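Student: Could you walk me through this model before I set anything up?
Tutor: Gladly; here it is.

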Amino acid sequence: MHKLPVIHGAAILMPLGTAKRGTTSWYNRHYLAHIEDQSFMTALIYDGPITVRVDASKRIVTRQLAKAGQLQLAVQEHHRRRAVPNQSSPTVLDADQAMMKSYTDQVLKHYGILALPGEISWLTRQFFGKL
């Protein structure tokens, strides 16, 4: 008996009926400029000459739109986090490379072998593969 919106980028499609009632009409939150209370109905006024009247009170429509906006922000934050990995924690591969370099430095120092950093990087890349 819930009215869940469909969120796609900046667009939020709000259903007027619940899922159990079958087909329903939908209205879009995107480009919505103003909401007016009109005797037992609510007028949704969009940018341009479009006005849609829905069979719901202004209070209900306002509450639905506010909740849909919160859900939209949560969805956008989720997608932002997936697109930009957390730079504060290194990946496992980075940690493995750092440990391998440290181990290589210790082995070379222990045996007194002089090696250039470029050679160590080359050997590490050969072992782990190209990033």
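**Strands, helix and a side chain**

Tutor: Strand β5 (residues 41–46) and strand β6 (residues 51–54) run antiparallel and are joined by 4 bridges, where strands are DSSP runs of E with at least two residues and helices are runs of H or I with at least four, numbered from the N terminus. This is a predicted model, in which local features need pLDDT of at least 70 and side-chain atom pairs count only at pLDDT 80 or more, while totals for chains, interfaces and linings use all residues. Residues are numbered from 1 along each chain as its sequence is written, and side-chain values use heavy atoms, with hydrogens and water left out.

Student: Which residue in that hairpin takes a positive phi?
Tutor: G48 does, near 95°, in a hairpin with 4 residues between the strands.

Student: And what is the strand order in the open sheet?
Tutor: The order is β1-β2-β3, with antiparallel pairing, and two strands pair if DSSP finds at least two bridges between them. β1 (6–8) and β3 (26–28) each have a single partner strand, so one side of each lacks a neighbour in the sheet.

Student: Where does M14 pair in β3?
Tutor: The bridge partner of M14 there is Y27.

Student: New topic: is Q64 buried or exposed?
Tutor: Q64, found in helix α1, counts as buried because its relative accessibility is 14% (buried is under 20%, exposed over 50%, partly exposed in between, with a 1.4 Å probe and protein chains only).

Student: What does Q64 contact beyond four places in sequence?
Tutor: Q64 is in contact with K3, M14, P15 and Y27, contact meaning heavy atoms within 4.5 Å.
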